[in-house]
Amino acid sequence: MSEIAEDSKISILNRNERKAREIIQKLGLKQIPDISRVTFRKKNNQIFAIEKPEVYKSHGGNYVVFGEAKVDDFTRRLARAQQQAATASKDPQSIQADMVAAAAASESQEPSASAAAGTEEEDVGQVDESGLDVADIELVMQQANVSRDKAVKALREHNSDIVNAIMSLSK
């Protein structure tokens, strides 16, 4: 018999798994792509992980996962990650230089953003607040982090419904 190369994308299924996949296709389950890892935790905090699983979802929200479950040793992975971080760490001067550069970049972008927001608010002008509760306006302003004019406009659009006004401004 010829051997299959390790890097090939061929998977050999046993009889039971092949039958299960046929049944899943008949049930109309949809495959969910781009899931790289699935973990399950038992009552005793033992963790099982499936790397590169095939995940299917039913119409009712149930999931079927195919793959090889292995016991996940979280402490070993954490120690390995900390060791890699220690070997790849930077000296304090380079970290501080990176932080200064990031702050300078964000400062250079902020004035243009605030100027755009200022022109947008000037276009709106003074909005009529009659018929609206002042506490509602202030709550929408605070929760959505917007100007008073925008809060009033959102409350008017949603017939004084605070929740929908906040949700529309938070998008």
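In the predicted model, helix α5 meets helix α6 through K150, A151, A154 and L155 on the α5 side and I162, A165, S168 and L169 on the α6 side, where contact means heavy atoms within 4.5 Å. Helices are DSSP runs of H or I with at least four residues, strands are runs of E with at least two, and both are numbered from the N terminus. The residues of this contact divide into six nonpolar, one polar and one charged; here Ala, Val, Leu, Ile, Met, Phe, Trp, Tyr, Cys and Pro count as nonpolar, Asp, Glu, Lys and Arg as charged, and the others, Gly among them, as polar. Two packed helices are described by the angle between their axes and the distance between the axes. For α5 and α6 the angle is about 125° and the axes are 8 Å apart, which makes α5 oblique to α6. Axes are lines fitted to C-alpha atoms, for helices over the stretch in contact, and angles run from 0 to 180 degrees between N-to-C directions. On this scale, angles under 35 degrees count as roughly parallel, over 145 as roughly antiparallel, 65 to 115 as roughly perpendicular and the rest as oblique. The crossing of α5 past α6 is right-handed; a crossing has this hand if the near helix is turned clockwise from the far one by less than a right angle, and is left-handed if the turn is anticlockwise.

Residues are numbered from 1 along each chain as its sequence is written, and side-chain values use heavy atoms, with hydrogens and water left out. Because the model is predicted, local features need pLDDT of at least 70 and side-chain atom pairs count only at pLDDT 80 or more, whereas totals for chains, interfaces and linings use all residues.

Helix α4 packs against α5 as well. Their axes come within 9 Å and cross at roughly 115°, and the two helices are therefore roughly perpendicular to each other. Again the crossing is right-handed, with α4 passing α5. The contact involves V134, D136, I137, E138, V140 and M141 of α4, together with R148, A151, V152 and L155 of α5. By class, seven of these residues are nonpolar, none is polar and three are charged.

On α4 the contact uses D136, L139, V140, Q143 and A144, which meet I162, A165, I166, L169 and S170 of α6. These residues divide into seven nonpolar, two polar and one charged.

The largest nonpolar core has 11 residues: L132, I137, V140, A144, V146, A151, V152, A154, L155, A165 and I166. Such a core is a set of buried Ala, Val, Leu, Ile, Met, Phe, Trp, Tyr and Cys residues joined through side-chain atoms within 4.5 Å. Two or more of its residues come from each of α4 (134-144), α5 (148-157) and α6 (162-170), and α5 gives the most, with four residues. In soluble globular proteins, nonpolar side chains tend to be buried together. The buried residues of α5 are D149, A151, V152, A154 and L155, with buried meaning under 20% relative accessible area, exposed over 50% and partly exposed in between (1.4 Å probe, protein chains only).

The loop between α5 and α6 holds N159 and S160. Most residues other than glycine have a negative phi. N159, however, takes a positive phi of about 50° although it is not a glycine, and phi of S160 is also positive, near 65°. N159 is exposed, with a relative accessible area of 69%, while S160 is partly exposed, at 36%.

Elsewhere, F40 sits in strand β2 (residues 37-41) and is partly exposed, with a relative accessible area of 43%. Leaving aside neighbours within four places in sequence, F40 is in contact with Q46, I47, F48, I50 and V65.

Taken as a whole, the protein chain has six helices and six strands, which run α-β-β-β-β-β-β-α-α-α-α-α from the N terminus on. Of its 171 residues, 15% count as buried. Among contacts with a separation of 6 or more, 33% are between residues 24 or more positions apart.
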